[in-house]
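Here is a short report for someone meeting this structure for the first time. Keep the sequence and the 3D view open while reading.

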Amino acid sequence: MDDNRLRELMDDMSLEEKIGQLVLIPGSYFEKDFVITGPANYLSYTEREVALAGSVLTVIGAGKLKEIQKEYMKKHPHHIPLLFMADIINGYRTIFPIPLGQGASFDPALSKEAAGIAARESAYAGLHLVYSPMVDLVRDARWGRVMESTGEDTFLNSVFARAIVEGYQGEQESDGHPDLTKEGKVSACVKHFAAYGGAQSGRDYNTVELSERTLREDYLPAYKAAVDSGCETLMSSFNVLNRIPVSANTHLMREILREEWGFDGVVISDWAAVGELITHGIAENEKEAAFLAIRAGVDMDMCTRCYSSNLEALVKEGRVEERLVDEAVMRVLRLKNRLGLFENPFKDADEDKEKSYILCDRSRKTAEKAARDSFVLLKNEGLLPIRDMNDTAFIGPFTDSGLLYGAWSIFAAEEDTVSIKDALKNAGFSSPVAKGCVLCADHELKGMHGAAIAAIKDEERDERLIKEAVLLAKASGTVVLTLGEPNAMSGEAASRGMLDIPRIQQRLLREVAAVNKNIVVVLFTGRPLDLREISSLARSVLVVWQPGSEGGNAIVDVLSGRTSPSGKLSMSFPYSVGQVPVHYNELSTGRPYTPGDDNKFLSKYIDIPNAPLYPFGFGLTYSEFEISEIKLDRDVMRMGASDRITAGVTLRNRGSVEASEVVQLYIRDEYASAARPVRLLKGFKKVALKPAEETEVVFEISEDMLAFWKRVN
Ligand code: BGC
């Protein structure tokens with residue numbers, strides 16, 4: 001349909017019907033068996049509102065969605081199709097590593113491929129839109145949602161934002177939009193705009209207070225990268241930003257997003273965020289909340305009745321211009337049209353393809369590679385790769401577990417996940433295994449979406465498991481300890497004040513370490529943890545994040561030396577929680593501290609170091625790489641021209657195995673009109689080299705890489 005026909009369609013709709021297009025309701029109105037991803041306090045839609053609501057979230061399944069679509073369209077006054085959306089974050093059923101792990105792979109092309117697979121699986125299951133990528137800059141490991149981001153660096157996040165959007169939607173055509181009618185393509189939704197990751201104290205939903213410069217230089221570029229890649233929709237965030245809640249923040253959504261960036265896609269509120277303007281204390285009631293949100297530029301109201309029960313009155317009273325509603329409706333209709341829903345309301349929903357494609361071997365291969373390449377080797381005193389797998393005991397609560405995916409994998413199944421125990425068998429190893437302890441015995445955790453990890457206190461069981469583990473550890477040459485956070489400890493509403501592993505696991509580590517020094521820790525986590533004790537007791541430490549469907553195979557592959565680890569931390573692992581937020585790209589301060597300097601009046605702690613235990617960008621391989629001094633072709637750049645300086649190094653593998661190294665380009669602006677970070681990542685290349693092989697790695701430095709934000713007026 002062309003734009004004129006869409007407009008004619010809209011002009012023919014009643015105001016009530018138009019407002020329906022701006023209403024996004026949960027799938028619980030269609031499906032009993034529904035994964036709830038937010039509070040239910042605003043969910044009391046009338047039958048009429050449900051009948052007119054233009055979009056639905058979190059119901060899945062080709063057959064079911066076709067049925068819902070058919071029934072709905074039959075009754076809808078203009079037979080406008082529903083838009084089906086869901087939280088597909090790092091995979092639909094084939095689960096890839098959590099985004100923090102994908103960031104650590106420093107391989108955006110691989111994430112693009114993974115997003116392509118997730119899009120296709122989702123599309124066959126009847127979905128049209130996925131709530132991803134999440135590109136919030138994250139600096140505070142206490143925040144549970146760091147697992148959903150690609151990390152603490154603006155440039156890295158921007159590169160991944162672009163890759164993931166292209167993976168879901170395909171490349172942009174000449175009009176700046178992708179062809180979403182193509183089979184297997186869905187609309188992306190970049191979130192959470194903006195700066196949701198800056199929550200004070202790392203506490204979820206908390207206040208964000210940032211200078212305009214920090215916002216623009218550090219936080220906004222990744223969202224902009226997604227928008228510039230043609231991302232069709234954007235989710236506005238829950239938080240207050242500089243005292244104005246985002247859902248009412250005209251500066252952010254009208255001035256920056258629409259006017260400066262020219263974003264013409266749909267802005268979707270986060271779950272109940274419009275209604276929450278009341279609890280933020282800036283709207284007296286739902287009607288005022290609707291008024292503030294539509295004025296600020298929220299097109300679609302997710303999971304509250306603010307729009308559905310108040311916008312019509314607001315227009316009729318003349319407080320909201322109908323033009324504002326029309327603009328938002330047109331954006332929604334255009335999106336439906338770009339997806340081809342007016343011609344084919346089921347899009348790619350297909351029960352046969354759902355069966356044959358989802359979790360197919362090819363996708364699993366990509367999931368295995370993505371997992372492998374995300375692992376970060378933090379320490380290796382000679383134990384890895386393991387020489388004798390059969391003389392190695394695998395001990396720990398993650399060894400025989402299918403729960404190797406993150407909290408946002410809401411459609412994943414443990415049975416579809418390859419455990420470490422299964423993988424050992426698959427690879428023909430007869431390594432003995434023991435559970436050692438339960439995931440967490442001293443907390444009671446409610447998983448994000450209903451999955452409860454019941455921490456039943458059972459001292460007899462705990463003693464028995466530890467005793468078995470200690471006996472096995474004593475009798476084995478090497479021990480691989482699988483430790484870490486259960487997945488319900490990260491994700492939404494899972495902030496933590498302590499960055500440790502559960503106490504029962506700490507005990508397991510100590511007791512095993514008392515009888516065997518050859519410990520490799522394989523660490524599962526959704527966030528950076530304080531690894532001081534693990535690092536001191538283990539001779540090797542491999543971070544595997546929450547690796548997904550092929551986690552077990554990827555881990556066994558790397559531990560046994562078939563592939564070298566190649567990941568680099570996407571977020572700094574602090575020395576202790578007291579340093580948090582700690583990130584590599586800090587400013588120098590007027591009194592910078594260099595370790596060893598005993599001058600008192602310097603910017604430092606008196607009891608802990610300034611540096612994180614393991615910084616951003618760090619990660620070992622099984623080989624050894626040598627990087628030469630940087631060679632620049634010139635030292636002066638002509639500003640204003642499209643001048644480039646090339647910076648090159650020679651990278652040499654001087655170890656004995658093939659491995660990949662990530663060469664990272666950092667710049668520092670030594671004197672500028674504003675204080676600049678001590679280092680800023682501006683480029684990276686991941687290069688695989690065989691032993692004794694070498695190659696030139698060249699980066700081009702352009703003016704925009706050196707520029708920073710300056711207020712013009
Ligand atoms: C989260 C979003 C998510 C939405 C829908 C919210 O609670 O913040 O990231 O997309 O729920 O499930």
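The report moves from the whole chain to its sheets, then to helix pairs and a few backbone details.

## The whole chain

This is a predicted model. The chain's secondary structure comes to 20 helices and 24 strands. For 713 residues the globule rule gives 27 Å, and the radius of gyration is close to that at 26 Å, so the chain is as compact as a globular protein of that length. The C-alpha trace spans about 75 × 65 × 45 Å along its principal axes.

## Two open sheets

Strands of a sheet pair through backbone hydrogen bonds, and the pairing can be parallel or antiparallel. Two sheets are described here.

Look at β5 and β6 (residues 233–236) in particular: they pair in the parallel sense over three bridges. Within that pair, C189 stands opposite T233 in β6.

The other open sheet has six strands. Its order is β11-β18-β17-β16-β12-β13, and here the pairing is mixed. β11 (376–380) and β13 (433–434) are the edge strands; each has a single partner, so one side of each is left without a neighbour in the sheet. Inside this sheet, β16 (residues 478–484) and β17 (residues 519–524) run in the parallel sense and share six bridges. One of these links L483 to its bridge partner L523 in β17.

Which helix packs on this sheet, and which strands does it touch? The helix is α19 (residues 551–559), and it touches β12 (392–395), β16, β17 and β18 (540–545). The direction of α19 makes about 150° with that of β17.

## Helix pairs

| Helix pair | Axes come within | Crossing angle |
|---|---|---|
| α6 (residues 108–124) and α7 (residues 154–169) | 7 Å | roughly 30° |
| α9 (residues 250–260) and α10 (residues 286–296) | 8 Å | roughly 20° |
| α6 and α14 (residues 361–374) | 10 Å | roughly 145° |

Start with α6 and α7. Their axes cross at roughly 30°, which makes α6 roughly parallel to α7. The crossing of α6 past α7 is right-handed. On the α6 side, the contact uses P108, S111, K112, A115, G116, A118 and A119. On the α7 side are V159, F160, A163, I164, E166, G167 and Y168. By type, the residues of this contact are nine nonpolar, three polar and two charged.

Helix α6 also meets α14. The two axes come within 10 Å and cross at roughly 145°. This time α6 passes its partner α14 in a left-handed crossing. L110, E113 and I117 of α6 make the contact with S363, T366, K369, A370 and D373 of α14. What types of residue does the contact of α6 with α14 hold? The residues divide into three nonpolar, two polar and three charged.

The remaining pair is α9 and α10. With axes that cross at roughly 20°, α9 is roughly parallel to α10. T250, M253 and R254 in α9 meet I294, R295 and A296 in α10. These residues divide into three nonpolar, one polar and two charged.

## Backbone details

Most peptide bonds are trans, and most residues other than glycine have a negative phi. Several places in this chain are worth a look against that background.

The peptide bond from L384 to P385 is cis, with omega near -10°. P385 lies in the loop between β11 and β12. A cis bond also leads from V580 to P581, where omega is near 0°. P581 sits in the loop between α19 and β19 (625–627).

Where does Y205 sit? Find it in the loop between β5 and α8 (212–228). Y205 is not a glycine, yet its phi is positive, at about 70°.

Key. Residues numbered from 1 in each chain as written. Predicted model: local features only at pLDDT ≥ 70, side-chain atom pairs only at ≥ 80, totals over all residues. Heavy atoms only, no water. Axes fitted to C-alpha atoms, helices over the stretch in contact; angles between N-to-C directions. Helix = DSSP H or I, 4+ residues; strand = E, 2+ residues; numbered from the N terminus. Parallel < 35°, antiparallel > 145°, perpendicular 65-115°, else oblique. Left-handed = near helix turned anticlockwise from the far one by under 90°. Contact = heavy atoms within 4.5 Å. Nonpolar A, V, L, I, M, F, W, Y, C, P; charged D, E, K, R; others polar. Pairing = 2+ DSSP bridges. Rg over C-alpha atoms; globule rule 2.2 N^0.38 Å.
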